[in-house]
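I opened a notebook page for this structure and wrote down each thing as I looked it up. The entries follow the order in which I worked.

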Amino acid sequence: MKKHDFILWLRNRLSDLPPEELDRVCGFYANAIDERMEDGIGEEAAVHAMGEPEALLREIRASLPEQYRTEPGFRVNPREGVYARRPAEQTYRPAAPKRGAGKAIALTVAAIAAVIITGFSLFTIWSGNPFSSLFRRVFSHNTVTYNIDTPVPYEAADEAAFLLPDLNGIDRVVIRVDAATLNLYPSDSDSVIAFSSDPTKLIRTQETDADGAVTLTVTGTFDKLHLDNPPCIDVNLPYGDYELVIESDAGNVCLNGLIAKKIDATVHAGILELQSVTAKESLSAVVNTGSISAFDIAVPAQGSISLSCDIGNIDLSLPGSSSAYTVNASVKLGNLDIPPVTGSGDIAVELSVNVGDLNLWFDEE
Amino acid sequence: MDIQLKRGILEVCVLKALQRQDSYGYQIIKDLSPSVELSESTLYPILRRMEGAGCVTEYSVEHSGRLRKYYHLTPSGQERILDFLKEWDEVVKAYDFIRGKNNEEA
């Protein structure tokens with residue numbers, strides 16, 4: 001493709017940018033192509049060296065301020081082909097008010113949807129059982145997914161919270177966080193409340209699978225990992241009979257005072273802290289790089305605890321005495337510090353560390 | 001490598017490439033290519049971000065009938081390189097500890 005066509009195509013696709021920024025981007029790439037041609041590479045090859053155009057566009061948009069990150073509705077006429085030249089006078093510049101209106105409408109629809117769904121679920125709870133099952137039946141044909149990503153203003157102006165419907169009828173709560181600190185606490189009320197230092201990074205989705213099981217997923221993905229001051233998401237969860245799944249890519253996770261049926265936590269890089277956590281069936285945690293500190297973990301008889309850490313330490317304190325547990329602990333490279341465990345209790349505890357230390361002790365010993 | 005980590009490291013590499021002398025896009029890519037794989041699509045956002053952060057300034061110089069854009073490292077940018085090196089020392093210390101440099105303790 002010719003350089004001229006490529007730059008024109010780039011201008012077309014970035015036409016919503018302010019003129020300065022547009023000139024800057026296109027100037028940069030025009031320069032880049034010129035430099036390569038000067039080096040002796042042919043024009044076609046020089047343009048090709050810029051990379052796959054759509055991917056390039058995505059990268060450029062991702063580096064722009066928030067308002068330019070998504071491309072407005074304008075598209076090059078598909079019949080003409082992506083790289084077709086367009087006469088200058090056909091270049092479309094969306095007027096700012098139009099863009100604003102689109103956003104306002106989307107926001108209103110989302111807000112109305114949020115109110116309706118919150119109202120509906122509150123209604124079903126208030127009305128008791130018959131309507132709860134109606135709620136489930138209405139939403140359990142095949143899979144229904146709905147996104148609500150409009151934050152509800154709550155207290156401080158620079159923080160926003162999601163007020164989510166309560167967890168009645170929800171079988172599974174999945175919380176996924178990338179490059180942020182995650183704190184989970186119990187909720188005073190029946191509602192799930194999620195606070196985030198950047199509410200635009202928080203998305204909530206709810207799905208019902210073919211068996212009627214309902215999963216609530218809260219996802220927070222931040223663009224940059226700030227090593228000294230990571231963004232933070234706090235989620236308040238009410239007690240319930242749900243399975244709690246936590247996935248964190250890079251960031252610390254802290255669970256404090258939670259009660260759930262099953263808890264499953266995976267942290268790729270970060271510290272996992274569990275304090276006064278109760279799982280009615282099982283608790284399992286995997287940390288790839290980081291550490292696990294768990295105090296006062298309660299699991300009833302027949303239950304199980306499984307903690308594993310690839311690189312990092314595990315410190316675990318269990319309530320009661322060792323006779324209530326059957327412990328299987330191993331460390332590949334590091335120190336293993338556990339009391340002589342003679343118990344063959346009916347709570348199974350599996351602990352494993354690849355590189356690091358493992359400390360286990362019992363409250364009553 | 002984790003993408004966030006990679007982006008951070010690439011940023012400092014680009015700053016380093018400007019440390020000795022001012023340079024332009026293609027030259028930066030060529031200078032970095034023995035050690036670091038970099039393309040314009042990655043370089044432009046980095047330069048833009050560094051410019052926004054005050055680590056880099058740009059100016060144009062006429063060359064072969066067009067304007068070639070040069071980038072210059074500011075004192076802020078210089079500090080950024082030093083900060084990175086300081087942080088990395090800590091990472092190395094932690095790595096040594098975790099790896100268990102004193103294997104006889106195991």
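What follows are my entries on chain B and then on chain A.

Basis. I am working with a predicted model, in which local features need pLDDT of at least 70 and side-chain atom pairs count only at pLDDT 80 or more, while totals for chains, interfaces and linings use all residues. Residues are numbered from 1 along each chain as its sequence is written, chains are lettered from A and ligands numbered from 1 in the order in which they are written, and side-chain values use heavy atoms, with hydrogens and water left out.

Chain B, overall. I looked up the secondary structure of chain B and found four helices and three strands, where helices (H or I, at least four residues) and strands (E, at least two) are DSSP runs numbered from the N terminus. Along the sequence I read the pattern α-β-α-α-β-β-α. Of its 106 residues, 35% count as buried; buried means under 20% relative accessible area, exposed over 50%, and partly exposed in between (1.4 Å probe, protein chains only).

Chain B, surface. I noted a nonpolar patch formed by Leu5(B), Trp88(B), Val91(B) and Val92(B), which together have about 320 Å² of accessible area. Helix 4 of chain B (residues 75-99) gives the most to this patch, with three residues, whereas Leu5(B) is found in helix 1 (residues 3-17) of chain B. I recorded Leu5(B) as partly exposed because its relative accessibility is 40%.

Chain A, helix pair. I checked helix 1 (residues 3-13) and helix 2 (residues 19-38) of chain A, whose axes come within 10 Å and cross at roughly 160°. Helix 1 of chain A is therefore roughly antiparallel to helix 2 of chain A (the term applies to angles over 145 degrees).

Ala179(A) is in the loop between strand 4 (172-178) and strand 5 (181-186) of chain A, and I noted it as buried, with a relative accessible area of 1%. Gln302(A) lies in the loop between strand 12 (259-298) and strand 13 (304-311) of chain A, but this residue is exposed, with a relative accessible area of 67%.

Notes:
Patch = residues over 30% accessible without salt bridge, like charges linked within 9 Å, V, L, I, M, F, W, Y side chains within 5 Å. Areas by Shrake-Rupley, 256 points an atom, 1.4 Å probe, with all protein chains shown as cover. Salt bridge = Lys/Arg side-chain N within 4 Å of Asp/Glu carboxyl O. Axes fitted to C-alpha atoms, helices over the stretch in contact; angles between N-to-C directions. Parallel < 35°, antiparallel > 145°, perpendicular 65-115°, else oblique.
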